[in-house]
Amino acid sequence: MLIAWRYRERDTIIQRLDPRARIIFMLTMLFSVIQFWDLRILLIFLGIALLQFFLAKLTWRETRRAWILISIIILVMTTLTFFTGRGGIQYAYTEEHLIRQLGPLSLPIVGWQISVNITVEKIVFAVSQLVRMYAITVMAITIPYTVNPSLYGVTFRGLGLPDKFAYAMDLAFRFVPTLARDFAITRDAQRARGYEVEKLSGGIIAQIRKLAPLLVPVTINAIVGAEDIIDAMDLRAFGVRPRTWVHQLTYARVDKFLIAIGVLIFVASTVLAFMGIGRLWLPAWALAWAQ
Amino acid sequence: MAQFTQFPLSVQNLTFQYRTREQPAIEDVSFDLHAGELLLVAGSSGCGKTTLIRCINGLIPRSYKGTLSGRVLLNGEDASGLSLSRVSQIVGTVLQDPERQILGAHVFTEVAFGLENLGLPRDEIRQRVDETLDFLGIAHLRNRETFSLSGGEKQKVSLAGVLAMRPNILLLDEPLASLDPASAQEALALFRRLADAGVSILLVEHRVEDALGIRPDRVLFMRDGKIAYDGSLDGAMQVMDYRQVKLPAPVVIERAAKVPLPAFEPAIKANGRDPLVIFEDVTFAYESGAEVIHGVNMTLRQGDVVAILGPNGAGKTTLVKHAIGLLKPSHGRVLVEGTDTRKISVAQIAHTLGYVFQSPSHMLYAPTVREELAFGPKNLGFSAEAIEAGVDAALDAVNVRGLESYPPLSLSFGQQKRVSIAAILAMHSKILVMDEPTAGQDYWNYIAFMDSILQTPGFSAILFITHDLDLAICYANRVVLMHDGQIAGDGAPAEVLTDFDLLERCRLVPTSLLRANLEHLSVTGRFLSAEALAHALVDRKR
């Protein structure tokens, strides 16, 4: 059975908005923010995302796990970019100002030897990337906590997707927390058989193979669960004709205003980017670090 | 061309063989169902009950492929010529596990789902949903999230989702399996009301005793895919095998007295009564702050065979997970052989305490049953010889010998369940803990493996969580009743289960076996299974 995100009713300005307007706004923010590397502009987007988060009256306690998870992902990605230099050198800057050279370092697990040049550009790019990813994820994680799960399907239908795709999106949204629950049950069941995931050893392939006791049951359960869902839908005549969506969504003035703001920001961002504004910003004081 | 009969459902010479099987799942099945008739279909696993239901509701041949012959007529029309949407308006299906059927995030959207698919106007959908919720007495659940409902509530909500489409035939596939006894009684009363209101009901259930309370109009007993009996309830009582389906205790006592009693001698002996697991003032609250266990004190001792009973949500599983250290108490402590579970890992506790989870599919992963069974002992660092010996003993204990080279995930649910229990047995734990060991198992199988486990030497104590009062009567020497996160009763079955007010509070319903045991307690001195009771009474007469 699919479970839902930890949604609860809150009488906030964010929850009173039409979910379609919120998704459109989120998409406009996403497509705007990815056009910039300038930390000053990215901080404005992060500010908008945090404003939405606080207006939704979400607490640290209820979102703690999500914050920890996305922070781990963002920090890993940013660190990798910083050490490899890939990403930035291709898109954001062409020359680098060296601060210090580290190395050669030996990478754990694979044992590769690498030298790392610490440059002003790499540092500024890493910070910008961090802010950019936080701006996007904070904007996105607010949605599952504040959109009624019963409205997922009708929201996507209202955004123009056909019935079947809209309901598939509804199921897919709820599939994520369901997968997390199944994973936790399987982890507990295997721990009760003396399995300790934290004590995995050997090379990468060996370690992945040793994850089978966790990955196989979760995957098989997801497949079997999907078959159950299909049977349950078939038994209640899903997809045989255009369906009625019993919940109705109507745009209020504030929703239209939000969409307009979103579109305006996107257009403005596109124009600025086209004019070459918003590329990686290197503060003069940071350049002074360089040798 | 439509053929007119007087029956809402007519099954004629139906045979179906799944594409992947070598034998037909059902063979030459024929019967009619009258309007407002409640037909009980009984039989053990593999008798073809579920395949029959799939043939009637249209999933066969649409979703499950194979060779089908014979006909299913719905209101006189051949079902093969009807669209699935038309079939779903005539036939409603409630599956064994409501969790596999509920799709909506909230009760209202769940009940409205089928009506939305039929494209009905919004006002009519709202009206039908509210009418159905009122009829089932669950209007108060309208805005609740479905995943937060209890088992009984989920069952009623899945029934509501089907009834809202106003079918005139209802197929109920073991609808009592996941319910506590009181919820099962409520569900049964509801089915009777529906039949009295004119709905034709086909109720598949191997716990025949439970279904008797609603006086089925007719009984169909299936064996090996064929109809072995079709007739009245009284006749069925004499024909059905009481080891394959669960019959009322007086019937079993009468019939079992004439056949030899199978040997059963529990291996656990209460020598020394040393404490093995001690729960000291255990309180547990989830991250959200909700406290689910309130100050529990309990000691599991050497020689105990404990049945933990109580309604859904009473905290049974939460309490027991503390014993293996998967949960740590918010206050108080749990000692396993004298060591605080906070100070040792789950893997260390697993040397002493084997824990069988409720759902086998959450733990089975290996390419073969043998490797699956060796996984736990390997993790615990057993020698190759000890692993081999443990695996062999476990294979025999749960009757899965012959399946060693099969992938566990390709087995039937009942076989998977037994493999999951064998996987823990192979670890040679002193204490065996099982969460709902009989869930999803047919009567014959769970009696067989409970007999076998209780007779397996090596355990110092066994603890199992169950909804089945008779399981506690037959196998436990101690019963713990839980209610609302606390222990409401703890003692020998003959002491605790005599308090009917307490049973009612814990949503348990006295069974015919309990009543028969109470009636003869002065003779037997302890609770016995129906077969053992029959022989005890015969011996006394002699």
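I began with the cavity that helix 8 (163-191) of chain A and helix 4 of chain B line with at least two residues each, the largest cavity. The model is predicted; local features need pLDDT of at least 70, side-chain atom pairs count only at pLDDT 80 or more, and totals for chains, interfaces and linings use all residues. Residues are numbered from 1 along each chain as written, chains are lettered from A and ligands numbered from 1 in written order, and side-chain values use heavy atoms, without hydrogens and water.

**Entry 1: the largest cavity**

I noted the terms before going on. Helices (H or I, at least four residues) and strands (E, at least two) are DSSP runs, numbered from the N terminus. On a 1 Å grid over the protein atoms alone, a cavity is a set of points where a 1.4 Å probe fits but cannot get out; a pocket is an open set with protein on both sides within 12 Å along at least five of seven lines; lining residues have an atom within 4 Å of a point. Grid points are joined across faces, edges and corners, and a volume is the space filled by probe spheres set on the points.

I found six cavities of 30 Å³ or more by this rule. The largest cavity has a volume of about 130 Å³. I listed 17 lining residues, with A:Ser150, A:Tyr167, A:Asp170, B:Thr109 and B:Glu116 nearest the centre. Helix 4 of chain B gives the most to this lining, four residues. The lining of the largest cavity divides into eight nonpolar, four polar and five charged residues. Here Ala, Val, Leu, Ile, Met, Phe, Trp, Tyr, Cys and Pro count as nonpolar, Asp, Glu, Lys and Arg as charged, and the others, Gly among them, as polar.

**Entry 2: helix 4 of chain B again**

I followed helix 4 (residues 107-117) of chain B to helix 6 (residues 151-163) of chain B; they pack at about 35 degrees, with axes 7 Å apart. B:Val107, B:Glu110 and B:Val111 of helix 4 meet B:Val157, B:Ala160 and B:Gly161 of helix 6. Contact means heavy atoms within 4.5 Å. I sorted the residues of this contact into four nonpolar, one polar and one charged. Axes are lines fitted to C-alpha atoms, for helices over the stretch in contact, and angles run from 0 to 180 degrees between N-to-C directions.

**Entry 3: the second largest cavity**

I read a volume of about 90 Å³ for the second largest cavity. Its lining has 13 residues; A:Leu235, B:Ser88, B:Val91, B:Gly92 and B:Thr93 lie nearest the centre. Helix 10 (212-235) of chain A and helix 3 (84-90) and strand 6 (91-94) of chain B each supply at least two lining residues.

**Entry 4: domains and a pocket**

I took the domains of chain B from the assignment: domain 1 (9-247) and domain 2 (275-509). Such bounds come from an automatic or database domain assignment. The C-alpha centres of domain 1 and domain 2 of chain B lie 32 Å apart. Their contact takes 20 residues from domain 1 and 14 residues from domain 2.

I then turned to the second largest pocket, with about 1,100 Å³ of space. I counted 47 lining residues, with B:Phe264, B:Cys474, B:Tyr475, B:Leu528 and B:Ser529 nearest the centre. Helix 16 of chain B supplies the largest share of this lining, seven residues.
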